[in-house]
Amino acid sequence: MLKGRVIDLGRITSERQILQSHVSKGDKFDTEVATVNKETLKNPVSQEILGLFRQPSACTAVIGDMKLHRDFEEKNLEIPSFLEAGPRETLRHNPHGVRAAIVTTGGLAPGLHCVIHSIVKRHCDTYQIAHGHGKVFGVYNSFRGLCNLADNLVELHPEITEEWLDQGGSKLGIVRYYHGDKQGPKAIREMVKVITKNLKHNNIDILYVIGGDGTLKVTHYIAQSNPTRSVVGIPKTMDNDVLWVWQSFGFDTAVEQATRVINTLRSEAEATRRIGIIELFGADSGFVAANAALASGHVDLVLIPEVFYLLKEDQARKYLDAVVNHIRETIQSAPHNPHAVIVVAEGVGLALEKKGGVRLLRAKVRKDNFVKLFSALIEKRVLDAHGQSVPVFDNKPRHYIRSLPANPHDQIYCERLGALAVDNALAGYTDFMISQWLTEFVLVPLRLVGLGQKSIPVNGMFWKQVVSSTGQPLSPAEQPVH
């Protein structure tokens, strides 16, 4: 049965909104993490090796906002907290005989191999899995492989996965899969049934699922259907839009590479006297585009979906007119060196498509044609200081960003996520996501991931700093309210 409470808040922009909604309704914000129904045993690995054991009661506050704390107290509600991640004194899976499986799903992100290696190494070297009794498997081809587990299992050892560390992508494969070639709740239910049957048939005790918000929702349903198995989510998205994750692994690498691309193409635009439009990741949230633009300092305009979702159809058209005028002014301000750089998050087209009737050059904007139409609009309307048209080129460096190996920061982050996932899975916790939230690593119940997607607050300090850096006009959504 698929269950889990979801509060309808429209388009979620922050975890703070979710907490404010709970306190305003007088609802407890439940962060309890489920455990498997198995007997406990003493952890055979000492604190000298693992670090200090976390107590079952060790928690950290979900948010540091003292006003929200007082609001919860005034409603006689417990201040929300997450269970701290870490090694445990008692376990519920025998670490020597456990059978674990790892699957990678969704889209690519730098660091997948680092997470996989960390999990394998923790099981095999730290907890000394006994080969012949316990095993760690990789699952080929994402959920499709989980639905045909017998033909898609490969036994993994640290000697194998260490060779993957310096490589991008995923040796296990990333496959978009819809059960029976269908989408929707019924297809998900059928897929979960098949996966549950396969996990049981192959005696899998722990399942690690590395994926984004959509994947983690499915992982929640798998956990609910497998109460004797530990099912663990490890959040992965370069878009950085998974709730209750301070920063997704691979995001730092993606922003670093995107910044490098922007700076390279800025040199191209300047030397050839052109306008460059660079489309970066961000199906629903513009974190990569905004951060890379701010890091570069050479960007004249950034468009993110968060702004357009807040605009009415006529406001969106007027705002697009305003930003084109801004590019014209930028070009004409440098009569001997006309050039500009525009960064667009890929979700802008979809945000405009959902308005229903936004047109550029008489063509209706869709998610897959915005950059093409916007380029044509700029070429038509932007002239340089001498009255000459300015050529426009576009670039979509998706595969150059997502297929990279992780940088040192993300490598360390992935190493920690993988090890802590194992520590807490062996302790019998299930239906949780391992996450760095604020300054701590914590266990977040997977049901909380389904409450929405994180996005950039367009009136927040960060976005205002991006706008200040580019000098672009404010949209109606960003105008101060009097």
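These legends go with close-up views of a predicted model.

**View 1. Asp213, a buried charge without a salt bridge.** Here we're looking at D213, which sits in helix α8, a stretch covering residues 213-224. D213 is buried, yet no salt bridge goes with it. The nearest side chain of opposite charge belongs to K217, 4.2 Å away, and that doesn't count because a salt bridge has to be within 4 Å. Setting aside neighbours within four places in sequence, D213 is in contact with V242, V449 and Q453.

**View 2. W244 meets W437.** The structure holds seven aromatic pairs, and W244 with W437 is an edge-to-face one: 5.7 Å centre to centre, with 70° between the planes. W244 comes from the loop between β10 (230-235) and α9 (251-272), while W437 is in strand β18 (residues 432-437), so the pair ties together parts that are 193 residues apart in sequence. W244 has 0% relative accessibility, so it counts as buried. W437 counts as buried too, because its relative accessibility is 7%.

**View 3. W246 meets W437.** W437 also forms an edge-to-face pair with W246, at 6.0 Å centre to centre and 80° between the planes. Since W246 lies in the loop between β10 and α9 and W437 in strand β18, this pair ties together parts 191 residues apart in sequence. W246 counts as exposed, because its relative accessibility is 51%.

Methods. Residues numbered from 1 in each chain as written. Heavy atoms only, no water. Helix = DSSP H or I, 4+ residues; strand = E, 2+ residues; numbered from the N terminus. Buried < 20%, exposed > 50% of the residue type's maximum accessible area, 1.4 Å probe, protein only. Lys, Arg positive; Asp, Glu negative; His and termini not counted. Contact = heavy atoms within 4.5 Å. Phe/Tyr/Trp six-rings, centres within 6.5 Å; stacked < 30°, edge-to-face > 60°.
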